[in-house]
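Subject: Structure handover

Hello,

Please find the structure below. My notes on what was found follow it.

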Amino acid sequence: MKLINEKPNLAIPRKEIFFELDHSTKPTPSRVELKKELIDKFKYDKDLIIIKKVGTSFGNAKSLAEVYIYTDKASLDIFEKNNKEAPAEEKVEESKEAPAE
C-alpha cells in the first residue's frame, strides 16, 4: 500500500486519502481487506473509515483507492447517510463464524 495523497477537508471534518495498491499475485483487495489493513497499518478507528472507491484498470495489477477518515461519528453519520459498507462487513463476519459442514 503506497500513499499517493493525503489532504484534510476543511469544509467537512475528515481526511481524504488516496492509495495505490499493488496486488500482482492476488485479486483486487476487497473493501473489508483494505479496511483491516488501514486499521493495522495506520491505527485508524474502524468506525470512522469509509472506503469510497477501489478501482483497477483491466489487466493491471495495481488499484487506486479513495478513503475518507472522519474525525467523529456524528460527522460520518451526517455526510455518509447511504453508506453501504456495513452489510458487507457483517456478511464477512458471519461467514467466518459459520460452522463448516
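Lys73 and Asp77 form a salt bridge, with their closest N and O atoms 3.5 Å apart; the term covers a side-chain nitrogen of Lys or Arg within 4 Å of a carboxyl oxygen of Asp or Glu. Both residues lie in helix H2, four residues apart, about one turn of the helix. Helices here are DSSP runs of H or I with at least four residues, strands are runs of E with at least two, and both are numbered from the N terminus. Lys73 is partly exposed at 44% relative accessibility, and Asp77 is partly exposed at 41% (buried is under 20% relative accessible area, exposed over 50%, partly exposed in between, with a 1.4 Å probe and protein chains only).

This is a predicted model, in which local features need pLDDT of at least 70 and side-chain atom pairs count only at pLDDT 80 or more, while totals for chains, interfaces and linings use all residues. Residues are numbered from 1 along each chain as its sequence is written, and side-chain values use heavy atoms, with hydrogens and water left out.

The structure holds seven salt bridges. Side chains of opposite charge can pair when their charged atoms come close. Glu80 and Lys52 meet in one of the bridges, at 3.1 Å from N to O. Glu80 is in the loop between helix H2 (73-79) and helix H3 (85-97) and Lys52 is in strand E3 (residues 49-56), so this pair ties together parts 28 residues apart in sequence. Glu80 is buried, at 10%, whereas Lys52 is partly exposed, at 34%. Shared partners join Arg14, Glu16, Lys52 and Glu80 into one network of salt bridges. Another bridge links Lys15 to Glu6, with the closest N and O atoms 3.2 Å apart.

There are also two aromatic pairs (rings of Phe, Tyr and Trp, the last by its six-membered ring, with centres within 6.5 Å; planes under 30 degrees apart are stacked, over 60 edge-to-face, the rest tilted). The ring centres of Phe19 and Phe42 are 5.7 Å apart and the planes are at 40 degrees, so that pair is tilted. Phe19 is in strand E2 and Phe42 in helix H1, so the pair ties together parts 23 residues apart in sequence. Phe42 and Tyr44 make a stacked pair, at 5.8 Å centre to centre and 25 degrees between the planes. Phe19, Phe42 and Tyr44 form one aromatic cluster.

Regards
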